[in-house]
Amino acid sequence: MQSLSPRARALGAAVLCLVIAVGAGLAVDSRLDRHWILRGVTAVLALCCAALLLSDQTRRLRQIVTLVGLAMFGLVIPLTQTQWSKPPEIEFALQVATDAKSAAEKAAASNVTVDQVKTAAEARGGAVGSLPTEKSPQVRGATAYPLIVRAKQDQGRPWACITFTGLKAKVTAC
């Protein structure tokens with residue numbers, strides 16, 4: 001069996017890296033910040049590693065470095081970014097956003113109110129706003145967007161922020 005030429009290996013690696021990068025980016029919920037800049041940088045680095053395959057690879061060390069670079073920038077980093085994009089507090093905020101949007105649609109409203117988000121968070125056992133402490137007794141993020149959403153009523157951090165523009169939600173870490 002004849003092995004592939006360096007040009008075919010480089011092209012195959014480049015296409016595979018782009019497919020993985022785009023697929024991993026689209027696998028994340030559209031209401032989340034997808035870190036497109038970081039995803040773009042890792043895709044460019046993966047393509048650079050694929051371009052190294054085109055060069056004359058007479059030394060074994062250069063081949064190993066190129067393959068490790070392709071594995072890291074083309075596979076490991078895009079997949080871990082996708083996996084880490086939804087920690088429990090973000091998952092809770094996405095569920096609250098879905099419930100609040102459903103409540104607004106049921107009420108035939110064109111935008112989601114703060115009260116609908118509060119009701120949705122409390123129905124799931126959470127709360128809206130920061131937890132008052134001795135250091136900062138004033139509750140923040142409970143009356144206007146961006147709202148701070150906590151998964152448990154008695155838990156301070158971690159939390160997530162929800163902002164609605166009409167019926168469209170955006171969930172970010174705060």
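By nonpolar core I mean a set of buried Ala, Val, Leu, Ile, Met, Phe, Trp, Tyr and Cys residues joined through side-chain atoms within 4.5 Å; buried is under 20% relative accessible area, exposed over 50%, and partly exposed in between, with a 1.4 Å probe and protein chains only. This is a predicted model, in which local features need pLDDT of at least 70 and side-chain atom pairs count only at pLDDT 80 or more, while totals for chains, interfaces and linings use all residues. Residues are numbered from 1 along each chain as its sequence is written, and side-chain values use heavy atoms, with hydrogens and water left out.

The largest nonpolar core has 22 residues, of which Val96, Val117, Ile162, Phe164 and Val171 touch the most other members. At least two residues each come from helices H4 (88-106) and H5 (114-123) and from strands S2 (147-150), S3 (160-165) and S4 (168-173). Helices (H or I, at least four residues) and strands (E, at least two) are DSSP runs, numbered from the N terminus. H4 gives the largest share of this core, 8 residues.

What does Phe164 contact, leaving aside its neighbours within four places in sequence? Its partners are Ala97, Ala100, Lys101, Val112, Val117, Tyr145 and Ala169, where contact means heavy atoms within 4.5 Å.

Cys48, in helix H2 (residues 36-54), is partly exposed at 43% relative accessible area. Leu75, in helix H3 (residues 60-83), is also partly exposed, at 39%.
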